[in-house]
Amino acid sequence: MLRKYAYRRKLPHYQWLDKVYFVTFSTHRREVLAPKARDIVLETCLFGRGKMFQLHAAVVMPDHVHLLLTPLAEGEGLISIPEIMQAIKGTSAHRINKYLGRKGRVWQEESFDRAMREVENVRGRIEYMLGNPVRAGLVKNPLDYRWLWKE
């Protein structure tokens, strides 16, 4: 069942009820996040779980983030992905800028989101996320990567 449709900037965003979403967003101009900034992003994502979304997995790479989540419902209906992204990106950007003692953009405006159709797709995305730090040469074992979280 189609619950929400929002058109933001260039990419259309469709939202379906009870679907798991794979979401990716990148830093502004692909700026590399310092380790403490990556801590802030992961903390922000974990803070939202159980409140706005069910978080299945998250990986914060040096210049982008992958999330696998299911939006939750509240009194007015399903919480939209744009609301979730605003909460994560807005809060983390504010905290990162405060930590760095600066002002300005941290994230690109657009994010990419895709509804997973089957359990196999969800498993495949989790494997992709686990392999991301390994493919980038940051660790040999994905479980050694500090900015990876999986339920």
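Trainee: Where is S92 found?
Mentor: S92 sits in helix α2, which covers residues 81-100. Bear in mind that this is a predicted model.

Trainee: Why is S92 called buried?
Mentor: Its relative accessible area is 0%. The cut-off for buried is under 20%. S92 falls under that cut-off, so S92 counts as buried.

Trainee: Which residues is S92 in contact with, leaving aside its neighbours within four places in sequence?
Mentor: I40, V41, T44 and W107. Contact here requires heavy atoms within 4.5 Å.

Trainee: What do we know about I40, V41 and T44 in α1?
Mentor: They are among the buried residues of α1, along with A37, R38, D39, L42, C45 and G48.

Trainee: What do the buried residues of α1 pack against?
Mentor: Two of the partners are strands β4 (53-60) and β5 (64-71). The others are α2 and strand β9 (148-150).

Trainee: How do you know that the span of α1 is close to the expected one?
Mentor: α1 has 14 residues. The expected span is 1.5 Å times one less than the number of residues. That gives 20 Å, and the first and last C-alpha atoms of α1 are 20 Å apart.

Trainee: What follows α1?
Mentor: G50, with a positive phi near 85°.

Trainee: Why is R29 put in its accessibility class?
Mentor: Its relative accessible area is 73%. Exposed means over 50%. R29 passes that mark, so R29 is exposed.

Trainee: And what makes R30 partly exposed?
Mentor: R30 has 41% relative accessibility.

Trainee: Is E110 buried or exposed?
Mentor: Buried, because its 18% relative accessibility is under the 20% cut-off. E110 lies in the loop between α2 and β8 (112-115).

Trainee: What lines the second largest pocket?
Mentor: There are 12 lining residues. Q86, K89, W107, Q108 and E109 lie nearest the pocket centre. α2 gives the most to this lining, with 6 residues. By class, the lining divides into 5 nonpolar, 3 polar and 4 charged residues. The volume of the pocket is about 170 Å³.

Trainee: Which pattern does the chain follow along the sequence?
Mentor: β-β-β-α-β-β-β-β-α-β-α-β. In total there are 3 helices and 9 strands.

Trainee: Why is the chain called as compact as a globular protein of that length?
Mentor: Its radius of gyration is 15 Å. The globule rule gives 15 Å for 151 residues. The two values are close, so the chain is as compact as a globular protein of that length. Its C-alpha atoms fill a box of roughly 40 × 35 × 30 Å along the principal axes.

Trainee: How much of the chain is made up of buried residues?
Mentor: 46% of the 151 residues. As for contacts between residues at least 6 apart in sequence, 67% join residues at least 24 apart.

Methods: Residues are numbered from 1 along each chain as its sequence is written. This is a predicted model: local features need pLDDT of at least 70, side-chain atom pairs count only at pLDDT 80 or more; totals for chains, interfaces and linings use all residues. Side-chain values use heavy atoms; hydrogens and water are left out. Helices (H or I, at least four residues) and strands (E, at least two) are DSSP runs, numbered from the N terminus. Buried means under 20% relative accessible area, exposed over 50%, partly exposed in between (1.4 Å probe, protein chains only). On a 1 Å grid over the protein atoms alone, a cavity is a set of points where a 1.4 Å probe fits but cannot get out, and a pocket is an open set with protein on both sides within 12 Å along at least five of seven lines; lining residues have an atom within 4 Å of a point. Grid points are joined across faces, edges and corners, and a volume is the space filled by probe spheres set on the points. Ala, Val, Leu, Ile, Met, Phe, Trp, Tyr, Cys and Pro count as nonpolar, Asp, Glu, Lys and Arg as charged, and the others, Gly among them, as polar. The radius of gyration is taken over C-alpha atoms; the globule rule is 2.2 Å times the number of residues to the power 0.38.
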